[in-house]
Amino acid sequence: MKMRHSAAWAGFTVAALVAASGCGTESANTAVKAADHAGTALAALARASDRTEELGSAEVRMTTDTGTSGPIAMAGTYSWGHGYAFDVQMDTKAANMQMVNHSPKTHVLFVDGVYYYDVDTFRSGPYQGKDWIKVDGSAVFGKKGAQALTGDNGSPSASMKGLKYARDVDDLGTQTVNGKRATHYHAVIDPDRMGKLKDAYGQGSALGAATGGTSVVMDVWVGSDGLPVRLKERLGTMTVSMDFDRFGKAATVKAPPAARTADLTDVLAKQRQG
């Protein structure tokens with residue numbers, strides 16, 4: 001496995017980051033102002049946000065389309081409350097990672113702001129014997145952008161929180177999604193309401209430049225239990241759709257042993273800058 005093949009899955013790292021992130025919270029003052037102007041739809045989303053935050057994890061099926069290639073499918077556990085983490089299986093071919101992993105599925109972990117990809121064992125070179133690739137979030141978002149996504153800011157719960165600060169929210173009625181009756185809400189979150197996550201998504205950010213987007217357009221379907229059934233986010237050319245199959249308590253996701261990981265953060269950072 002050659003180092004040059006790292007470019008094959010660099011694009012997925014961008015997709016995974018935005019897919020997991022959404023928009024985080026702003027200050028308490030902003031929240032109060034939003035509540036003062038909340039209509040029925042916004043109040044319903046606020047309740048759904050609080051309900052989601054109370055729980056600690058979700059089983060999710062996610063599809064990411066960067067707008068430049070076909071969709072990438074992932075499925076697994078997303079956890080928040082004790083720091084955002086996830087443990088998912090991804091379609092290897094769709095993510096263009098078959099040059100570094102011959103299995104049809106690629107195991108991907110996110111722990112403490114770092115991504116880990118389970119790949120074929122390096123047979124030679126400085127990473128001989130290692131079978132995980134490590135990529136820090138700063139390689140894609142830059143230092144400020146990665147810092148903005150620390151803690152629980154990257155979780156589906158944070159995406160729901162972000163809906164509280166949307167400028168425009170529309171109730172599009174009741175629909176059936178995944179066999180459940182759910183109310184469909186449409187919202188737009190402008191750059192001036194992204195708070196510190198503007199460093200990750202706003203104009204001038206690495207992701208904003210890659211997708212051509214500034215505002216985040218969100219659609220969420222909320223079930224009768226007050227929990228999201230489906231969440232769709234669009235940032236420029238990128239679209240991410242998440243279907244929530246089950247919610248539960250916070251799950252523990254552990255990073256692979258350091259002795260088995262090859263840190264390619266610097267390699268991807270240089271590719272991004274180029």
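User: Which exposed residues does H3 carry on the face turned away from its buried side?

Analyst: That face of H3 carries Thr 40, Arg 47 and Glu 54, where exposed means over 50% relative accessible area, buried means under 20%, and partly exposed lies in between, with a 1.4 Å probe and protein chains only. This is a predicted model, in which local features need pLDDT of at least 70, side-chain atom pairs count only at pLDDT 80 or more, and totals for chains, interfaces and linings use all residues. Residues are numbered from 1 along each chain as its sequence is written, and side-chain values use heavy atoms, leaving out hydrogens and water.

User: OK, and which residues of H3 are buried?

Analyst: They are Ala 41, Leu 42, Ala 44, Leu 45, Ala 48, Ser 49 and Thr 52. Seen down the axis of H3, these buried residues fall within an arc of 155°, so they line one face of the helix; the arc is taken from the directions from the helix axis to the C-beta atoms.

User: Why would residues three or four places apart point the same way?

Analyst: An α-helix has 3.6 residues a turn, so residues with that spacing point the same way.

User: What does H3 lie across?

Analyst: H3 lies across E7, E8, E9, E10 and E11, and runs at about 65° to E7. Helices (H or I, at least four residues) and strands (E, at least two) are DSSP runs, numbered from the N terminus; axes are lines fitted to C-alpha atoms, for helices over the stretch in contact (heavy atoms within 4.5 Å), and angles run from 0 to 180 degrees between N-to-C directions.

User: How do E7 and E8 pair?

Analyst: Strand E7 (residues 168–177) and strand E8 (residues 180–189) pair in the antiparallel sense over eight bridges, pairing being counted if DSSP finds at least two bridges between two strands. Asp 170 stands opposite His 186 in E8, and the two strands form a hairpin with two residues between them, where Asn 178 in the turn has a positive phi of about 55°.

User: And what about E8 and E9?

Analyst: E8 also pairs with strand E9 (residues 216–223), antiparallel over eight bridges, and Tyr 185 stands opposite Val 220 in E9.

User: Switching topic, which residues have the most contacts inside the largest nonpolar core?

Analyst: They are Tyr 78, Phe 86, Tyr 117 and Val 220, in a core of 50 residues. A nonpolar core is a set of buried Ala, Val, Leu, Ile, Met, Phe, Trp, Tyr and Cys residues joined through side-chain atoms within 4.5 Å.
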